[in-house]
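Okay, thanks for having me on the agenda.

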Amino acid sequence: MSRLKACFDGLKAQDRRALIPYMTAGDPHPDATVPLMRAMVAAGADIIELGVPFSDPMADGPVIQAACERALKHDVSLRRVLELVQDFRARDRETPVVLMGYLNPIEILGYEPFADAAAKAGVDGVLTVDLPPEEASELAAALVAANIDPIFLLAPTTTSARTKTICAAAKGFIYYVSLKGVTGAATLDVVAAERKLTEIRACATIPIGVGFGIKDAAVAARMAKIADAVVVGSAVVECIATNAGDFKAAEAKVVTLLREMREAMDSRGANARVA
Amino acid sequence: MSTLAKTKAQAPAFDSLPDANGHFGPYGGRFVAETLMAPLEELRLAYEKFRDDPGFKAELDADLADYVGRPSPLYLASRWSQKLGGAQIFLKREDLNHTGAHKVNNTVGQALLAKRMGKTRIIAETGAGQHGVATATVAARLGFECVVYMGTDDIQRQAPNVFRMRLLGAKVVPVNSGSRTLKDALNEAMRDWVTNVDNTFYIIGTVAGPHPYPAMVRDFQAVIGREARAQCLQQTGHLPDALIACVGGGSNAMGLFYPFINDAEVALYGVEAAGQGLATGKHAASLCAGKAGVLHGNRTYLMQDPDGQILDTHSISAGLDYPGVGPEHAWLKDSGRARYVAVTDDEALASFHDLTRTEGIIPALESSHALAYAARLAKEMSSDRRIIVNLSGRGDKDIETVARHQGIEL
Ligand SMILES: Cc1ncc(COP(=O)(O)O)c(C=O)c1O
């Protein structure tokens with residue numbers, strides 16, 4: 001069984017929702033990445049979403065753009081990211097790791113060589129932001145052949161017809177982008193998200209995560225009522241950015257944020273489904 | 001039958017692309033975040049509906065005639081041709097359009113489409129500022145709110161165009177991320193669009209971006225080639241032997257080439273910016289020296305490092321300073337229908353001065369790249385041969401750059 005499926009099955013048995021923090025690999029420095037990933041797990045993360053730095057992160061807001069730039073100062077390539085995942089895996093065999101990034105660095109490695117290298121490193125899922133299912137069949141096939149889940153986004157603008165297509169193509173979990181905008185925007189519409197999630201549930205057979213714009217414990221708890229997983233990106237990266245010169249302080253900030261979120265998501269009554 | 005002949009026979013006709021998914025062979029497509037898939041589909045449907053709508057076509061034609069000033073002349077540069085001592089060089093005078101470049105052909109078309117789609121806000125990216133000015137111009141005329149994204153480095157290099165856009169009522173937003181040039185402005189415009197999809201129309205300024213932009217921008221620019229073809233036949237009784245256009249994203253080149261694409265006897269040359277020389281790495285020649293990849297919503301040739309990160313580019317002409325190129329050019333290159341060459345800053349500058357002095361026409365530095373290649377090619381051809389060069393813009397915007405190059409502060 002895939003690590004992602006095992007993770008979601010285990011949480012379901014406990015009636016808990018997954019907390020998925022995002023960080024950009026190599027931000028602020030490659031040496032800080034694996035310790036940060038371990039600290040996030042200790043603070044209550046169920047799955048880690050690891051950003052692959054790209055020079056042109058078109059779907060990201062200023063916080064994650066800056067994280068990419070900090071990582072690229074240290075030449076953190078996709079190959080280097082896979083090495084970091086391998087280091088993490090050496091001591092953590094359970095926590096699923098999902099790569100999130102853009103297509104071009106994968107394209108230049110080649111789909112099959114990338115899928116094989118990612119599987120060897122211990123990657124569980126790959127979310128390619130600028131690769132909708134219409135263009136994804138080749139990469140998805142290479143990933144599935146290597147036992148990696150291709151993860152797809154669903155957005156507020158996604159039509160019902162495409163919702164079905166995406167639900168059919170997606171593996172691991174479906175990632176619902178909870179707002180019209182880039183990562184880190186401030187305008188998450190909880191009511192609209194609730195409505196859309198009901199629609200997605202009607203055709204999805206795998207868990208649904210919600211992300212983009214989840215900034216604090218209150219919103220995380222609210223989203224945990226309607227989704228199977230809550231993804232927190234810019235809020236985590238912000239903790240790292242404001243302490244980029246001091247890895248230990250950055251780690252402490254991230255740990256505090258995730259503990260608060262974990263607690264709010266797990267607190268009594270938090271998980272009673274509204275939908 | 002040889003394998004090559006077989007492939008050729010099975011290859012799609014040059015004028016039949018893109019396919020339904022926006023692909024030109026392996027290039028093009030739609031590589032965007034999910035949020036933009038629905039608005040792109042809405043745009044495609046609207047474009048396909050209005051493209052063939054008699055009312056839309058009549059309004060577009062009237063705007064092109066009375067507002068842009070079309071048709072633009074096809075002018076035989078006889079003194080320059082004689083001086084070069086070879087083929088006759090004809091200039092397609094896009095520099096005489098309103099706002100001084102070919103860019104306005106496209107912004108007039110897309111703005112009319114925006115109006116039909118009920119959008120109230122226009123956004124655009126710009127490098128040199130020519131597309132930004134052309135967008136701000138049509139937005140002023142139609143009463144749209146207008147926001148133009150521009151890299152902070154370009155804002156410094158192109159101050160007069162920034163002021164021009166502001167005079168026209170546009171908001172110019174500085175983009176401080178990445179390399180602070182055109183590619184980053186395009187990223188930022190995409191981010192705006194994803195945030196404001198409901199009321200906003202994104203006018204992309206070249207034949208790049210996700211489907212349907214490459215095809216739509218080409219179709220709006222194809223008026224250049226349609227006119228040039230008819231004018232050449234009328235003036236000389238023959239088709240030209242060669243067409244030459246500079247290639248940044250590739251819109252003026254596609255616009256000139258497309259109506260000739262099935263005329264196998266007409267050679268097509270796209271001229272990229274070799275900057276300080278292809279060997280120095282300081283250039284913007286993605287077709288001549290790049291590798292296929294995915295950026296800004298389409299698969300095409302890109303300037304990139306071995307890890308797939310996009311590289312900074314260099315050209316003396318801001319309008320050619322882009323690390324990608326429209327996907328149809330990638331396809332025309334691979335299929336052999338068009339040839340792509342590169343011209344250095346110095347060669348372009350030499351032709352800039354040469355044309356100015358012999359014909360009394362100050363060309364844009366972008367267009368000077370096409371002129372420089374024409375000068376090379378003409379010398380190899382006899383005087384009964386004909387070359388059409390797309391004079392894509394006028395050089396008034398570039399006089400500061402040229403002066404600085406000569407050590408003169410204006
Ligand atoms: C006069 C002129 N020519 C050419 C270009 C390059 O664009 P394209 O390759 O899309 O024609 C520009 C871009 O700003 C321009 O201003």
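So, chain B and chain A bury about 2900 Å² between them, with 51% of it on carbon and sulfur atoms. Buried area here is the accessible area, with a 1.4 Å probe, that two parts lose on being put together, summed over both. On the chain B side, B:Glu34, B:Arg191 and B:Gln309 lose the most area to chain A, together 24% of what that side buries.

Housekeeping before I go on. This is a predicted model, so local features need pLDDT of at least 70 and side-chain atom pairs count only at pLDDT 80 or more, while totals for chains, interfaces and linings use all residues. Residues are numbered from 1 along each chain as its sequence is written, chains are lettered from A and ligands numbered from 1 in the order in which they are written, and side-chain values use heavy atoms, with hydrogens and water left out.

Back to the interface. With contact meaning heavy atoms within 4.5 Å, chain B puts in 37 residues and chain A puts in 36 residues. There are 21 residue pairs in polar contact across it, both residues at pLDDT 80 or more. A polar contact is a pair of N or O atoms within 3.5 Å; within protein, one must be able to donate a hydrogen and the other to accept it, and residues adjacent in sequence count only if both atoms are side-chain atoms.

Which elements of chain B supply at least two residues each to the side that touches chain A? They are strand S2 (27-31), helix H2 (37-51), helix H9 (182-195), strand S11 (291-295) and strand S12 (297-302). Helices (H or I, at least four residues) and strands (E, at least two) are DSSP runs, numbered from the N terminus. H9(B) gives the largest share of that side, 8 residues. By class, the chain B side divides into 13 nonpolar, 13 polar and 11 charged residues. Nonpolar there is Ala, Val, Leu, Ile, Met, Phe, Trp, Tyr, Cys and Pro, charged is Asp, Glu, Lys and Arg, and polar is the others, Gly among them.

Now, salt bridges: a side-chain nitrogen of Lys or Arg within 4 Å of a carboxyl oxygen of Asp or Glu.

Within chain A, look at A:Asp46 and A:Arg262, a salt bridge at 2.6 Å. It links the loop between helix H2 (30-42) and strand S2 (48-51) of chain A to helix H12 (residues 247-266) of chain A, 216 residues apart. A:Asp46 is buried at 13% relative accessible area, and A:Arg262 is buried at 8%.

Chain B has B:Arg229 with B:Asp263, closest N and O atoms 2.9 Å apart. B:Arg229 is in helix H11 (residues 223-236) of chain B and B:Asp263 in the loop between helix H12 (251-257) and strand S10 (267-275) of chain B, so the pair ties together parts 34 residues apart in sequence. B:Arg229 is partly exposed at 26%, while B:Asp263 is buried at 11%. And salt bridges that share partners join A:Arg16, A:Asp46, A:Arg262 and A:Asp266 into one network.

Next, helix H4 (residues 78-91) of chain A. The buried residues there are A:Leu78, A:Val81, A:Leu82, A:Leu84, A:Val85, A:Phe88 and A:Arg89. Why do they count as being on the same side of H4(A)? Because they cover an arc of only 155° around the axis, taking the directions from the helix axis to the C-beta atoms. On the other side, A:Arg79, A:Ala90 and A:Arg91 are exposed.

Last, the backbone. Most residues other than glycine have a negative phi, and most peptide bonds are trans. The bond from A:Asp27 to A:Pro28 is cis, omega near 0°, and the one from B:His211 to B:Pro212 is cis too, with omega near 15°. A:Phe212, not a glycine, has a positive phi of about 80°, and A:Phe212 is buried at 7% relative accessibility.

Technical notes
Buried < 20%, exposed > 50% of the residue type's maximum accessible area, 1.4 Å probe, protein only.
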